[in-house]
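Student: I would like to learn how to read salt bridges in a protein structure. Could we go through some together?

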Amino acid sequence: MASANEQRGALFEVRAIDREFYKQRLGCFLPTSIIDIHTHVWLDRFKSKQKEACLRSVTWPRRVAVDNSIEDLMETYELMFPGKKVTPLLFGSTSALGDDIDGGNEYVSECADKNHFPSLIFADPKWSEIDFEERISFGNFLGAKVYLTLSDPCIPEKDIQIFDFLPPHQLKVLDAHGWMVMLHLPRNARLRDPLNLAQLVDIEKRYPNVRVIVAHVGRAYCPEDIGNAFEVLAETKKMLFDISANTCAETFERAIRAVGPKRILFGSDLPVVRMRMRRICEDGIYVNLVPKGLYGDVSGDPHMREIEGMDKEQLTFFMYEEIDAFRRAAIETGLGRDDVEAVFYRNAAEVLGEIGFQGLS
Ligand SMILES: [Zn+2]
C-alpha cells in the first residue's frame, strides 16, 4: 500500500545522494530518540505581507518554505530521519513587526497541546511584566523565544542590543519561574561581539535561574566569528548552546572544549534546514552554495550562490550538513556515544524536565 506521502506527494524530494549521506555518516551516529530544541512552526496567514525592504533579517530563509505547519514538521522528520523518533521544541516565526504574533502563538500552543510537545511563546519586548508572565502561563509555554526584529524600529539593525528585545523586566519573570529563553544574538560581529559577550555573562549573573539557550552557537558560522568568545564564555556555568543552522565544525569543536558536551543541544531551525545546500566561508563571510534555479533569483543576496553541473548533484540537506559538521567535531574532541546521546537527547530532556515538562525521560 502506498504511504500517505506517496499518495499526495512528499513535502520535498529525498534523493539517492541524501539517503547515502544519511546511511554512511548519520544513521549510526544519531541516537534513536532525538530532541530538536529549535523549530519554527507557523502558517502563512500569520505573516505580514509588507515588502522585504522593511525587514531587519536576511531574506534567504524565506525561499525555503512559506510556512511550516506541524504536519510538515513531522513529515520532515520522517523523511530525513528514518527509524528515529524526534520530539521538537516548538515556537513561532515572527520576522516582521506586522506579523500576527498572537495568532502564531495560539497556533503553537495548540500544536504543542495536541501532540504533547514542549513549546515557547514568541515574545514581544513591549509586553509588561504581568502580561508576559500571564501569556506564558496561560499558553502552557516553558519560556520565550525572542528575536531582534521586534526591537524598537528606530534602532538601526547593527546597533540592536540583547536588552532591546529581551528586556530586563521580562528576564526578571523568566528568572522567577526558572523558565527558558531561546536567544538569537544580534550585531554584525555575532558571537565575538564584546557587548554581546559582556551581556551574556551579565544575564547569567543577574538572572541565574533563567535557562538561556544561545541559538546557532551565537551565529558563529565561520571560524572568524569566534574571536575570544569561548575564553569569555568558559566562565559561565549554565548557559546552553544549540547547534541549529550552523555547519562550522570548528565552532562546534571550540564550544565543546570550552563548555563541554553537557551544555550543547541539538537544534535544527526547521524548516530552513530543509534547504539543499553546502556552506562555505570566504574571508569570514558565509556563502550557501545552492543548486542553480532551485531558490529563485538569489543574485542580490551575498550569502547565496548558485552552482551547476556535477557539483550541484552532490548537494544534500542543510540539516545533514549541520549534523555531519557536529559529527566531525565530536570525533576531533573525542566525544563518546554517551556524550553524543546527551547532545541529541538527554541534555534537552533534563532541562525541559527541570522546567516542568513531563513525559521525557
Ligand atoms: Zn530559528
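Tutor: We will go through the salt bridges of this model and the surroundings of their partners. This is a predicted model, in which local features need pLDDT of at least 70 and side-chain atom pairs count only at pLDDT 80 or more, while totals for chains, interfaces and linings use all residues. Residues are numbered from 1 along each chain as its sequence is written, and side-chain values use heavy atoms, with hydrogens and water left out.

Student: What is a salt bridge, and how many are found in the whole structure?

Tutor: A salt bridge is a side-chain nitrogen of Lys or Arg within 4 Å of a carboxyl oxygen of Asp or Glu. Searching the whole structure gives 22 salt bridges. One of them joins D102 to R135, with the closest N and O atoms 3.0 Å apart.

Student: Which parts does the pair D102 and R135 tie together?

Tutor: D102 lies in helix α4 (residues 101-115) and R135 in helix α5 (residues 129-138), so the pair links parts 33 residues apart in sequence; a helix here is a DSSP run of H or I with at least four residues, numbered from the N terminus.

Student: Are R187 and D193 buried or exposed?

Tutor: Buried means under 20% relative accessible area, exposed over 50%, and partly exposed in between, using a 1.4 Å probe and protein chains only. Both R187 and D193 are buried, and their side chains form a salt bridge at 3.1 Å, N to O. By contrast, D102 is partly exposed at 39% relative accessibility, and R135 is partly exposed at 27%.

Key
Helices (H or I, at least four residues) and strands (E, at least two) are DSSP runs, numbered from the N terminus.
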